[in-house]
Amino acid sequence: HHPGMTSFLGVPIVFNCHVLGYLYLTNKIAAECFSEEDETLAVLFAAQAAVAIVNSRLYENEARRLAQLDGLSRVGSELSGIFNPERLLETVAGLLHAGFGYQSVRVIWVEQGGASIKLRALAGLAQGKIPSGKTWPATEGLAGWAVINNETVLCDDVSRDSRFLSMPGVEVAAMLTVSVAV
């Protein structure tokens, strides 16, 4: 589904033996076909583009890491002055949501006796879709599994995990559940 072409030159954009993409040139102006010199220039340009792409990705990763470290620093300084447990948990959820770019952050609490878990704070897309204070058996869902086994759960595709507990109105694709013992 592309326009017709009379001439074509394609070169891969490669960095450290990994193809990042392709550079395609078509319909050379004032000539029927591309020359070897055109190919050499395209290869050189693709090599420079590869370096620029990799540097851009590195910069983005470092900027994200810096923002996360800044967020952790803010968490420490902001939390040290909060003595109301509900406000503290809401602040934690909000700071994790903002500082790490998670779509949704839920703080779940194990109720006394460990038979159930309760939603104590929420930030992000699911906010307003799950009532604060909602409880469910600790034997259900990824959060329950993390609590019972005292382990972190990383699930890249919740549709493939039988432990996932869906909640009406809340779309989730991936989930990270961290059990925190105090």
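The buried residues of helix H3 pack against strands E3 (104-110), E4, E6 (153-155) and E7 (175-177), where contact means heavy atoms within 4.5 Å. Helix H3 covers residues 141-149, and its buried residues are Gly141, Leu142, Ala143, Gly144 and Ala146; buried denotes under 20% relative accessible area, exposed over 50%, and partly exposed the range in between (1.4 Å probe, protein chains only). Just after H3, asparagine 150 adopts a positive phi of about 50°.

The model is predicted: local features require pLDDT of at least 70 and side-chain atom pairs count only at pLDDT 80 or more, whereas totals for chains, interfaces and linings use all residues. Residues are numbered from 1 along each chain as its sequence is written, and side-chain values use heavy atoms, with hydrogens and water left out.

The protein contains 3 helices and 7 strands, arranged along the sequence as β-β-α-α-β-β-β-α-β-β. Helices (H or I, at least four residues) and strands (E, at least two) are DSSP runs, numbered from the N terminus. The C-alpha trace spans about 80 × 40 × 30 Å along its principal axes. Of the 182 residues, 27% count as buried.

In soluble globular proteins, nonpolar side chains tend to be buried together. The largest nonpolar core comprises 10 residues, namely Ile117, Leu119, Leu122, Ala126, Ile130, Trp136, Ala138, Ala143, Met167 and Val170. Strand E4 (residues 116-124) gives the most to this core, with 3 residues. Such a core is a set of buried Ala, Val, Leu, Ile, Met, Phe, Trp, Tyr and Cys residues joined through side-chain atoms within 4.5 Å. Beyond residues up to four places away in sequence, leucine 122 touches Ala93, Ser104, Val105, Arg106, Gln127, Gly128 and Ile130.

Most residues other than glycine have a negative phi. Asparagine 16, although not a glycine, has a positive phi of about 50°; this residue lies in the loop between strand E1 (8-15) and strand E2 (18-26) and is exposed, with a relative accessible area of 58%. Asparagine 27 likewise has a positive phi of about 50°. Asparagine 27 is placed in the loop between E2 and helix H1 (36-79) and counts as partly exposed, at 30% relative accessibility.
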